[in-house]
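This briefing summarises a structure for computational work.

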Amino acid sequence: MKKYTSVDDIHNLDEFLQLAKKIKANPLGNKELGKNKTIGLLFFNPSLRTRLSTQKAAQNLGLNCMVMNLNTEGWTLEFEDGAVMDGSASEHVKEAAQVVSQYCDIIAIRSFPTLTDKEKDEAETVISSFVKYASVPVISLEGATEHPLQALADALTIEEYKTSPKPKVVLSWAPHPKALPQSVPNSFVKMMKKMNVDFIVTHPEGYELNPKVTEGVRIEYNQEEAFKNADFIYAKNWSSYKDYGKVVNRDSGWTVGKRQMDVTNNAKFMHCLPVRRNMIVTDEILDSDASIVIPEAHNRVYSAQVILTKILESLK
Ligand code: CP
């Protein structure tokens with residue numbers, strides 16, 4: 001595996017899930033694989049889970065790990081080809097990516113979307129530039145349009161908690177005070193398309209995701225209808241794709257609570273975290289046995305470790 005910047009980079013999900021289970025059963029079983037190798041984690045945005053779980057996965061494989069908050073600690077980067085750099089940017093990504101490649105065997109990057117420049121976000125300008133100019137494999141720690149490490153952890157969690165061969169999984173929009181990226185729902189939709197699940201996306205009108213991503217997926221505007229007999233409820237907020245980056249509805253009737261969960265098949269509740277209590281989901285549900293958000297976060301370690309294992313094996 002030479003990069004992991006999209007769920008599309010997984011060609012055989014079952015193989016990845018089997019490896020994740022094997023790693024989870026014995027996380028230190030391949031401690032020599034990353035010996036004398038280094039991963040650099042570059043953050044343009046905040047993180048708790050992605051940062052710590054990827055470091056933990058790297059440690060489990062014997063990798064050295066360097067972490068840098070590039071937005072606050074590094075030079076401001078220029079991404080435009082042929083730019084006259086007379087503004088705030090001090091260094092072009094062409095040099096930066098090549099330089100980091102001298103110190104690291106793998107580069108991992110978090111860079112959120114602008115949510116104002118759709119074209120730039122869809123081009124994944126930051127991560128794509130590192131893929132283009134770095135001489136080592138690149139991993140997305142959440143980009144402008146995808147969060148593929150999260151989606152792999154979500155797939156592993158559903159695999160572990162399902163009680164039927166083809167569970168019903170619902171991705172539900174939920175309200176939030178701020179405009180959030182579409183990265184998590186995009187990757188989740190792509191991942192569910194690879195799994196043997198009965199999958200529905202539900203959201204108010206105006207929150208349709210990129211139609212290329214949801215092609216072939218059932219969209220239901222009635223949340224209660226979507227939740228009926230569901231085995232997994234995955235709640236997430238995202239901003240409008242059509243009215244790009246805008247919050248077009250904050251309907252608190254979409255907050256996941258007992259009323260919605262009561263029509264499910266004793267569904268498990270999932271969320272990538274961080275979660276706004278009593279906005280996305282009520283305390284009652286998040287604090288109940290239905291919630292599997294903590295084991296889901298735990299699985300972030302094994303999701304990262306699977307990808308690092310695959311990439312390190314390709315470097316041998
Ligand atoms: N789920 C997730 O990516 O969490 P962080 O933003 O804390 O890394």
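S140 belongs to strand β7, strands (E, at least two residues) and helices (H or I, at least four) being DSSP runs numbered from the N terminus. The model is predicted: local features need pLDDT of at least 70 and side-chain atom pairs count only at pLDDT 80 or more, whereas totals for chains, interfaces and linings use all residues. Residues are numbered from 1 along each chain as its sequence is written, and side-chain values use heavy atoms, with hydrogens and water left out.

**S140 and its surroundings**

- S140 counts as buried at 1% relative accessibility; buried means under 20% relative accessible area, exposed over 50%, and partly exposed in between, with a 1.4 Å probe and protein chains only.
- Leaving aside residues up to four places away in sequence, S140 touches Y4, T5, I109, I127, E146, P148 and L149, where contact means heavy atoms within 4.5 Å.
- The C-alpha atoms of S140 and S111 are 8.4 Å apart in space, and the two residues are 29 residues apart in sequence.
- The S140 side chain makes polar contacts with the backbone nitrogen of E142 at 3.1 Å and with the backbone nitrogen of G143 at 3.3 Å.
- A polar contact is a pair of N or O atoms within 3.5 Å; within protein, one must be able to donate a hydrogen and the other to accept it, and residues adjacent in sequence count only if both atoms are side-chain atoms.

**H147 and S183**

- H147 is located in the loop between β7 and α7 and is buried, with a relative accessible area of 3%.
- Beyond four places in sequence, the residues that H147 touches are T50, R110, L141, E142, S183, V184, S187 and R300.
- S183 lies in helix α8 (residues 183–194), and its relative accessible area of 0% makes S183 buried.
- A polar side-chain atom of S183 is 3.0 Å from the backbone oxygen of G143.
- The contacts of S183, again not counting residues up to four places away in sequence, are P113, E142, G143, A144, T145, E146 and H147.

**Ligand site**

- Which residues are around the ligand? They are S47, L48, R49, T50, R110, H147, Q150, C272, L273 and R300, a residue being near a molecule if one of its heavy atoms lies within 4 Å of it.
- An oxygen atom of the ligand is 2.7 Å from an N or O atom in the S47 side chain, and a polar side-chain atom of T50 is 2.7 Å from a ligand oxygen.
- For R110, an N or O atom of the side chain lies 2.9 Å from an oxygen atom of the ligand.
- On its own the ligand has 260 Å² of accessible area, of which the protein covers 93%; the areas come from the Shrake-Rupley method with a 1.4 Å probe, and for residues only the protein chains shown count as cover.

**Salt bridges**

- The structure holds 15 salt bridges, each defined as a side-chain nitrogen of Lys or Arg within 4 Å of a carboxyl oxygen of Asp or Glu.
- R110 and E142 form one of them, with an N to O distance of 3.2 Å.
- This pair links distant parts of the chain, with R110 in strand β6 and E142 in the loop between β7 (138–140) and α7 (148–161), 32 residues apart.
- Both R110 and E142 are buried.
- In the salt bridge of E159 with K162, the closest N and O atoms are 3.4 Å apart; E159 is buried at 18% relative accessible area, and K162 is partly exposed at 29%.
- R218 and E220 also form a salt bridge, their closest N and O atoms being 3.4 Å apart; R218 is partly exposed at 42% relative accessible area, while E220 is buried at 16%.
- A network of salt bridges links D8, E146 and K190.

**Helix α4**

- Helix α4 spans residues 93–103, and its buried residues are V93, A96, A97, V100 and S101.
- Viewed down the axis of α4, these buried residues fall within an arc of 135°, so they line one face of the helix; the arc is that of the directions from the helix axis to the C-beta atoms.
- The cover over the buried residues of α4 includes β2 (38–43), β4 (77–78), β5 (91–92), β6 (106–110) and α6 (125–133).
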